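Here is a short note for a colleague coming to this structure for the first time.

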There are 2 protein chains.
Amino acid sequence: MARIAVLGSGIMATALSFPASENGNEVDLIGTFLDREIIDSIQRTGLHPVLGLTVNEGVSAYQLEEAEEVIARADVVMCGVNSFGVEWAGKQLASMMRPGQKLLVVTKGMRADEDGTLHILPDVLRSYFDPGLAEQISWNAIVGPSIAGEVAVHHDTCVVFCGHDKEDVDYLADLFRTDYYHVWTSTDFVGHETGAATKNMYAFAAGFAQGLLRKAGKENDQYVMYNYGAAVFAQGQKELRSLITMMGGKPETGDGLGGVGDMFVTSMGGRNVKAGAFVGEGIPFSEVQDRYMKEVTLEGVAAIKVIGGALERQAERGLIGPEDYPLCRFLYSVVEKDAPLDMPWERFFQDLA
Amino acid sequence: MARIAVLGSGIMATALSFPASENGNEVDLIGTFLDREIIDSIQRTGLHPVLGLTVNEGVSAYQLEEAEEVIARADVVMCGVNSFGVEWAGKQLASMMRPGQKLLVVTKGMRADEDGTLHILPDVLRSYFDPGLAEQISWNAIVGPSIAGEVAVHHDTCVVFCGHDKEDVDYLADLFRTDYYHVWTSTDFVGHETGAATKNMYAFAAGFAQGLLRKAGKENDQYVMYNYGAAVFAQGQKELRSLITMMGGKPETGDGLGGVGDMFVTSMGGRNVKAGAFVGEGIPFSEVQDRYMKEVTLEGVAAIKVIGGALERQAERGLIGPEDYPLCRFLYSVVEKDAPLDMPWERFFQDLA
């Protein structure tokens with residue numbers, strides 16, 4: 001049994017309180033400055049208004065002002081903000097966490113330096129910590145195909161807890177593992193985090209076919225466009241695996257839960273797919289963002305901007321070839337330069353032999 | 001321009017006549033003994049009654065009695081029957097094909113010897129040929145995520161033409177390549193054929209979640225079971241890649257169009273998925289087959305019986321470990337032994353490190 005403090009009370013952070021609390025752990029959800037109403041609601045009635053579910057006994061909710069105290073008494077601290085909040089979360093956690101605590105990161109994404117060097121988010125969080133403290137924190141993350149609400153309603157879900165230290169990830173896995181929340185562990189930390197960040201890019205592309213059909217008035221035709229989506233998925237998988245390898249991860253991480261599995265679930269729907277569908281309809285991405293999906297968190301688009309931009313820098317520096325990652329780089333031109341949806345098929349699958 | 005004779009006039013064989021004829025090739029569809037009505041219909045009105053589309057100019061239809069003559073004058077012969085007809089097709093083609101002709105196989109599946117040794121279907125077809133003639137035939141196949149009707153209505157489709165000889169597959173690819181039918185070529189013949197056969201097994205498993213939801217009365221709930229499907233997909237990809245390697249193919253073939261792409265498209269729907277959904281509802285497979293899907297061609301179930309059975313033999317002989325291919329072997333117990341749908345999650349993802 002452990003005391004788990006969660007910074008962020010979004011749907012994924014809250015969903016994970018279900019298996020955690022059912023194993024007898026105490027879970028303390030801490031709202032960010034964006035979560036005031038969520039915390040109010042949970043404090044009053046137990047209901048998480050976005051998730052649409054009542055949290056378990058053993059789950060408590062706190063406003064941000066109580067964060068320091070709640071984090072101080074925790075055995076495990078989870079970072080449950082979205083990728084846009086990672087710098088903010090880094091500062092908070094760096095000032096509140098204590099030596100010996102274990103951090104478990106749910107946030108997915110990457111950051112890049114000016115020269116195109118990419119970093120996984122746990123390392124970004126770490127950069128805000130005093131080096132001496134950082135050494136005394138255990139760094140870990142959860143990866144794998146998890147639609148939050150499905151975890152919360154006890155549907156079978158298979159994930160990987162990854163980190164630097166096998167003993168620590170095994171300890172954390174034991175806190176969360178139930179008969180529906182199936183947990184594996186891995187020390188391929190960078191590989192799993194890269195896969196998890198990357199899959200969101202290709203989920204955006206997974207929406208294109210739906211938009212193309214809508215534009216053509218063929219949404220309800222007998223024959224839709226699964227072939228298109230499958231080809232994009234296959235090229236996405238090639239690039240995801242290659243990115244994992246480039247980041248120093250194990251290529252086979254791209255085959256499993258943290259790669260192809262996660263990309264599959266993300267392609268099944270959600271905000272990134274919806275944004276991609278608007279582009280498929282022929283709407284320039286800037287208009288999608290300004291008009292149709294204003295203020296909607298698009299993790300996939302964020303990942304395309306960071307990773308696609310970094311690959312441009314890396315190509316300029318000769319670190320990758322001009323023909324490498326053609327799908328990611330095409331997606332970058334769509335979200336950053338309003339490029340029309342003219343899929344560069346002929347540049348795909350260049351490694352066949 | 002070439003003259004292409006197609007043995008079998010099912011939906012995939014006929015769909016491929018669209019890009020082929022649009023490139024100026026003459027396409028002659030030859031019905032099997034099961035296709036009499038289809039051929040009648042095409043001869044009378046041009047309409048393929050199952051596909052629901054009218055064939056192009058340049059596409060002709062012939063009853064089986066004319067097969068010998070039609071095949072004799074062809075440059076390229078396609079084997080377009082389903083996997084249940086491969087032995088029949090082998091005998092036909094062995095007696096009709098001539099030295100110098102190129103064979104292009106669309107049929108997907110495998111066959112196994114008594115001892116569990118697996119064979120790709122082009123090799124099964126070949127076994128019916130006089131060895132001298134077999135040497136003078138060019139052996140090739142088409143692989144990749146292709147829902148037939150989508151090809152026929154000109155939706156973007158990406159496939160791989162594979163075979164032993166690079167020049168031959170390039171020649172064949174040029175006959176079919178259009179602005180919507182995107183063709184790559186590969187000489188990893190066994191790898192691509194194994195992936196194409198294997199993906200159908202996992203498509204059967206892709207139906208389980210839908211059936212489980214139906215059984216629980218949760219089909220229209222806010223939260224469905226994509227996490228379940230994604231985990232099955234990820235384990236499927238691991239096993240597909242491993243099977244490709246075991247058969248002597250290139251492991252990376254499992255990442256691309258012929259592996260994960262094809263598995264993706266097949267998981268989106270169709271007969272195998274439907275059969276899996278019945279099992280998800282709790283109906284023993286024998287009952288699904290006898291009552292709900294009587295006389296329906298289930299390529300996935302056929303593949304599970306052949307490959308799952310072969311893996312049992314290989315495990316008995318110590319060629320693979322008792323814990324290898326846990327999903328395939330579980331599926332085998334479902335279709336051969338009416339095993340209940342108790343997914344062996346704990347046996348999955350054993351290679352994480």
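What volume does the largest cavity have?

1. The largest cavity has a volume of about 60 Å³, taken as the space filled by probe spheres set on grid points that are joined across faces, edges and corners. A cavity here is a set of points, on a 1 Å grid over the protein atoms alone, where a 1.4 Å probe fits but cannot get out. Searching the whole structure gives five cavities of 30 Å³ or more.

2. This is a predicted model, in which local features need pLDDT of at least 70 and side-chain atom pairs count only at pLDDT 80 or more, while totals for chains, interfaces and linings use all residues. Residues are numbered from 1 along each chain as its sequence is written, chains are lettered from A, and side-chain values use heavy atoms, without hydrogens and water.

3. Residues lining the largest cavity (an atom within 4 Å of a point) include A:Ser83, A:Lys108, A:Arg111, A:Asn200 and A:Glu299. Helix 16 of chain A gives the most to this lining, with four residues. By class, the lining has five nonpolar, three polar and three charged residues; Ala, Val, Leu, Ile, Met, Phe, Trp, Tyr, Cys and Pro count as nonpolar, Asp, Glu, Lys and Arg as charged, and the others as polar.

4. An unreviewed UniProt entry annotates residues 4–166 of chain A as "domain: Glycerol-3-phosphate dehydrogenase NAD-dependent N-terminal". That span is 34% helix and 27% strand (DSSP runs of H or I, at least four residues, and of E, at least two).

5. The axes of helix 12 and helix 17 of chain A come within 8 Å and cross at roughly 105 degrees. Helix 12 of chain A is therefore roughly perpendicular to helix 17 of chain A (65 to 115 degrees).

Terms used
UniProt positions are given in the numbering used here, feature names are shortened, and annotations may be inferred rather than shown by experiment. Axes are lines fitted to C-alpha atoms, for helices over the stretch in contact, and angles run from 0 to 180 degrees between N-to-C directions. Angles under 35 degrees count as roughly parallel, over 145 as roughly antiparallel, 65 to 115 as roughly perpendicular and the rest as oblique. On a 1 Å grid over the protein atoms alone, a cavity is a set of points where a 1.4 Å probe fits but cannot get out, and a pocket is an open set with protein on both sides within 12 Å along at least five of seven lines; lining residues have an atom within 4 Å of a point.
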